[in-house]
Amino acid sequence: MDSDHQTYRLIRLIRRFEEKCVELKADGRIQGSMHLCCGQEAIAVGVCRALEARDALTVTYRGHGWAIARGLPLVDLFAELEGRESALCGGRGGSAYFSAPAYGFLGENSIVGAGMPIAAGAALAAKFDGSGAVSVCAIGDGAMNQGGVHETLNMASVLRLPLVVVVENNVYSELTPIASMIATETLVERAGAYGIPGTRVDGNDADAVREAAATAVARARSGGGPSLIEAMTERLVGHYDLDPQHYRPRGEIESAMTREPLVRLRPVIGERRAAELDREVERELDQAVAEAEQVRFADTSTVGDHVYV
Amino acid sequence: MSDTALAPPTAEITYIQAVNAALRWALAELPETLVFGEDVGLPGGPYGASKGLRQEFGDRVFDTPISETAMLGAAIGAAMRGRRPIVEIMFADFFFVAFDQIVNQMSNIHYVSRGGFRLPLTIRSQQAVVPGACAQHSHAVEAFIAHVPGIRVGLAADPQQAYEMLRAAIASDDPVIVLESRALYQQRGPVPLDRPIEPVGGARVVRRGGDVTIATWSRMTGEALQAADLLAADGIEADVVDLRWLSPLDLDAVMESVARTNRLIVAHEASLTGGFGAEIAARVADAGFDLLDAPIRRVAAADVPMPAAAHLQTVVVPDAHRIAGAVRELLAF
């Protein structure tokens, strides 16, 4: 399949996955708050395309798209979201705590910025284990104000760790515009303070993201240390699934919908091809949802398993 | 052939030298070991715990910036990816600078991944009350940590325990926090080297007596033994149980002792309210109600922020005399 088609398909898959989660919650099959990534998918798609199987990543609580882009099976994700005994986390993690060792997916994280030092730790391991692996940490714009993120950027630079930091700047630090929460124009300009290269890209252009990520990954893999990518995007949905978004100016979401990745890609691949891929995606999702429904719920006697080795 | 010719070598070394020996063993025998922290590398640690290790083992021993969150998170991530990190938190009080990584991160990962990720990491720290040290350098933190499911917690009462428990912690594939006693760092004692690595867990009975059980850990073990000597002069004989590990907790050892003595004192250096003595008291009261001839009494620091002045500290911190006094009260019940 052509690269643009693949990109469209994967972004569409993530988008429809997220929308399917909303349906499943309305049906009572998913319980609990979810942080959906509608509009931001191109960042995960672009970055993951620059990674290899041996690499590691930590992501935010808005991580369904990252999990899908990294290749985690959809049935496992749906089953996990429904609290079933999924192959992912057996219902222990839920929406915001996916974790998959086989995919180098060190996990989503509900604590803003906390995955950053953990990703640095994975990079530290790579320095000694001869794997040549790099470690990616995806954080939001708001996380750039967390102390641990600052600490890690400095330490990773000092220790020259093979780390790539991807800031998904959707211009909202939870419910507050990031512009009122940072003292500088951009976040990328902080990179120089840590002695690392920084680049700002259009996060809604998966190819641009992939290119920036590939450069950062190559730098890290060759011993050049960490870099920072600030990927600009907009979220089309709330901070959490039931967020009424009163804090967003009138017309902002509609305007964002004219700039989102799928709207950009549809004219590139053509409406007919887009409609075909849309149908494929629906079939894939419907199948995964149906398979997930067959996954049993964990026996309550297992609730104490794996607290310790 | 004499017995000593067959015995493993025993070194007469200090507590901190025993820590150093355990770290040296890990770096030599376990190639995935990393040792890091503030001033841990070239300076050899503020108390000498890692003295000489970077010189001998190179890059696997290194210094970090003053960044507890980054350090602890890095230990977690490196462990998840197959290293065996040993990270030092310089003073136990500094755990709180980065407590998220302990409570919200480290303790959950094995559980949420259902064993898919192992965290074979060890965090070493030290705690003590020492004259001139203020509240921010005097916390005993075991209760905060042992409260969290998913973490193993141990406290060594002497050089041999320091060596053996740290080796057990390092060899364990669970995240383990060992809390050393800074006040004991220069205490000298026999340390058998090269014994088989024991698993994490298990209390030890350091003194046998039939009148009262004193359950304790860390520096208070020595105070309990001194209290026992004071009491023995009056014909009162105490069992002293050094719990060593608070997670896993060897309640059986305490119950076995209380079954013989029928009276229990729990002594710890941490402040009274919410201290881990409360947990032990609750468990023994539950499992051993019929065994008890007196209420369970805890001897602990007063519920005040630790003052720096030595004369004020003496009325806050528990010691052998206060333990002995508490025993006499129980016997008079």
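The largest cavity in this predicted model has a volume of about 100 Å³. In total, the structure holds six cavities of 30 Å³ or more.

**The largest cavity**

- Residues from chain A that line the largest cavity include A:Thr58, A:Tyr97, A:Ser99, A:Leu106, A:Gly107 and A:Glu108.
- Chain B takes part in this lining too, with B:Gln105, B:Ile109 and B:Val112.
- Three elements each give at least two residues to the lining: β2 (105-107) and α5 (115-129) of chain A, and α5 (99-112) of chain B.
- The largest share, three residues, comes from α5(B).
- Sorted by class, the lining of the largest cavity has five nonpolar, six polar and one charged residues.

**The second largest cavity**

- Next comes a cavity with a volume of about 70 Å³.
- Its lining is made of 14 residues, and those nearest the centre are B:Tyr47, B:Glu88, B:Arg124, B:Gln126 and B:Tyr185.
- Two strands of chain B, β4 (84-89) and β5 (122-127), each supply at least two residues of this lining.
- Of these strands, β5(B) provides the largest share of the lining, three residues.
- By class, the lining of the second largest cavity divides into seven nonpolar, four polar and three charged residues.

**The sheet of chain B**

- Seven strands of chain B form an open sheet with mixed pairing, in the order β3-β2-β4-β5-β7-β6-β12.
- The edges are taken by β3 (61-63) and β12 (245-247) of chain B, which have a single partner strand each, so one side of each has no neighbour in the sheet.
- On average, neighbouring strands of this sheet are turned by 20° against each other, direction ignored.
- Within the sheet, β5(B) runs parallel to strand β7 (residues 176-181) of chain B, and six bridges join the two.
- One residue pair to look for here is B:Ile123 with its bridge partner B:Ile177 in β7(B).

**The sheet of chain A**

- Chain A has an open sheet of six strands with parallel pairing, in the order β2-β1-β3-β4-β8-β7.
- At the edges stand β2 and β7 (198-202) of chain A; each has a single partner strand, so one side of each is left without a neighbour in the sheet.
- From one strand to the next, the twist averages 20°.
- Three bridges link strand β1 (residues 56-58) of chain A with strand β3 (residues 135-140) of chain A in the parallel sense.
- To find this pairing in the structure, look for A:Leu57, which stands opposite A:Val136 in β3(A).

**Helices of chain A**

- Helix α2 (residues 41-49) of chain A lies across β1, β3, β4 (163-169) and β8 (227-232) of chain A, at about 165° to β4(A).
- Helix α7 (residues 206-221) of chain A lies across β4, β7 and β8 of chain A, and runs at about 160° to β7(A).
- The axes of α5(A) and helix α6 (residues 147-158) of chain A are 8 Å apart, and these helices pack at an angle of about 25°.
- With angles under 35 degrees counted as roughly parallel, α5(A) and α6(A) are therefore roughly parallel to each other.
- In this contact, α5(A) uses A:Met116, A:Pro117 and A:Ala120, while α6(A) uses A:Gly148, A:Val149, A:Thr152 and A:Leu153.
- The contact residues of α5(A) and α6(A) comprise five nonpolar, two polar and no charged.

Note on methods. Residues numbered from 1 in each chain as written. Chains lettered and ligands numbered in written order. Predicted model: local features only at pLDDT ≥ 70, side-chain atom pairs only at ≥ 80, totals over all residues. Heavy atoms only, no water. 1 Å grid on protein atoms, 1.4 Å probe; cavity = no way out; pocket = protein on both sides within 12 Å on 5 of 7 lines; lining within 4 Å. Points joined across faces, edges and corners; volume = space filled by probe spheres on them. Helix = DSSP H or I, 4+ residues; strand = E, 2+ residues; numbered from the N terminus. Nonpolar A, V, L, I, M, F, W, Y, C, P; charged D, E, K, R; others polar. Axes fitted to C-alpha atoms, helices over the stretch in contact; angles between N-to-C directions. Parallel < 35°, antiparallel > 145°, perpendicular 65-115°, else oblique. Contact = heavy atoms within 4.5 Å. Pairing = 2+ DSSP bridges.
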